[in-house]
Amino acid sequence: MASELKTPNGTDLESRDGMAKLARTIRDKILINEPVKEDGLIDQVERAAVEIDEILASSLGPKGMNKIIINPVNDVFVTNDGKVILKEMDVLHPIVTSLKKLAESMDKACGDGTKTAVILASNLIKNAIKLRRAGVHPTTIIEGYELALRKAYEMLQYGIKQAGEEDVRTTIMCSATGKGVERQQAEAITEIVLGVIEHLNETREGRLDLNKNVKILKKVGGPGIEALEGIIMDENPARVDMPKDFENPSVLIINYDLKIKSEYLNPQHNLRMDSVQTALMFEERKKEMCRTLAEKIINSGANVLFCEGDIDPYIETLLRDSNILAFKKLKLKDLEKLSKAVGTSLMSKNDEILPRHLGKADRIKLEKRNRENFVFITVKGKPISTILIWDPARYGLDKVEEAVDDALNNAAFLIKNKEIVNGGGAIEFELAHMVRLFAATQQGKKQLAILAYAEALERVPETLAKNAGMKTIDAMVEMRNAYTRGVEARIDISGKVTDKGPKVYDSATVKKLALVSATETARNVLRIDEIIPKT
């Protein structure tokens, strides 16, 4: 046999070649092969900021366009959601990565405002590059941005309104329409989301975690949307002839197979299946052991069984005969949510099944909708809800899910803090105007940085106007004229600058976080003086 090829230090040549190929692949994604600084660094930063701004800006607002993203494993995404667009981009450039982390932090902190924050950060970086080319030192730009942030944050406080009940509803609906859903659909989402958040707020103990307390289930069909206090699962019963409806049922959840394996029947492996008698003996022994398992479940008083593993057909029959509804091969994630909802834990193989181990539900009902089975587990007074989304198109499902997600996060913020600001680019335009006035009170090159900050803020209403099919310059002139007259005008979905029609509001908390996090990201990028790829 030929000996394996080794390098002098004992490394496999094949392994070394594989690592070198991986390194080349990563470098191709990073787009940097050697240390970058000075003019080269400025070019790299500018290119990354410009490209990210262009990608996200065209998808901002209710009139924003969608992106088709094909990731490295050929999954196709049709979306205008900022965090999805950035997450699925197969680019490891350090500046792009910084903006990706900004989107991730915004999504984790408030679940909304990712595009606003990233667009603002990108434009702060772009405007800073212009100043750097003009000879302004990065430290001066950073100091100017810090002054501008303080002034913008201060003026934002003056623009905050305390939301009434109708204003809260309007703000939630605006967050849904921002994903491009129709107004009627956004209204339905708002009603559902408000009911869910109010229920969770009344029943939760401690911090509200939407990922743990809310399940979103999306299905092709409809269109429509509904919510349940409890869990909805798209699962088939173990047998079609099992009972389908229970009031106040006892629930058992187990995380193992209800099947008898051959090693349990013949642990010494001293019997061979070489005759009919032996086969019948095996079958009888198997039935006896299955009957013992089934009797433990039946005697516990359980009405409904949820099993992570498989169930033997004979056990299924015995459970059916005892009017027990059973489900098998379930997802662990669903069972964990279910166990919290019904007030029990997952039973392991060594646990003894007793009545005290059963959970309780108000109702469990099995229904068939659009030729698919669903089990509705109603549990009142528990901090768990499910939202079921129907849409005829799979792409539509993703869009509605994104709208529901943003509406949920905004509703959760507004329940705790009913602070809102004018939407449709109005608050950004107002802040930009106030920051420009503030710049006139400053001296030196910091004034240029403050003006650059104001220009970045104004990028948001400019983008909304462009996406609504308006001429950007005309829209900004109309906004200035309205502001001069003391009118709270905005970029409307109708493609006009107006203060008429239905109000448009955004969560003040989301705007504050977007302002601070975008400025911090831009500040960190401006502090970079060299990019050094590891060889």
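Start by selecting K179 and D406: they form a salt bridge, with the closest N and O atoms 3.3 Å apart. (A salt bridge here is a side-chain nitrogen of Lys or Arg within 4 Å of a carboxyl oxygen of Asp or Glu.) This pair links distant parts of the chain: K179 is in the loop between α7 (165–177) and α8 (183–203), while D406 is in helix α14 (residues 394–416), 227 residues apart. Are K179 and D406 buried or exposed? Both are buried; that label means under 20% relative accessible area, with exposed being over 50% and partly exposed in between (1.4 Å probe, protein chains only).

A quick note on what's on your screen: this is a predicted model, where local features need pLDDT of at least 70 and side-chain atom pairs count only at pLDDT 80 or more, though totals for chains, interfaces and linings use all residues. Residues are numbered from 1 along each chain as its sequence is written, and side-chain values use heavy atoms, leaving out hydrogens and water.

Next, pick R523 and E520, whose side chains meet in a salt bridge at 2.0 Å, N to O. They sit three residues apart in helix α18 (residues 508–526), so about one helical turn separates them. R523 is buried, at 14% relative accessible area, whereas E520 is partly exposed at 31%. Now select E165, E166, R169 and E191: salt bridges that share partners join them into one network.

Then hop to D241 and R239, another salt bridge, at 3.0 Å between the closest N and O atoms. D241 is partly exposed at 37% relative accessibility, and R239 is partly exposed too, at 23%.

Finally, zoom out: the count comes to 39 salt bridges, and 48% of the protein's 535 residues count as buried.

Methods:
Helix = DSSP H or I, 4+ residues; strand = E, 2+ residues; numbered from the N terminus.
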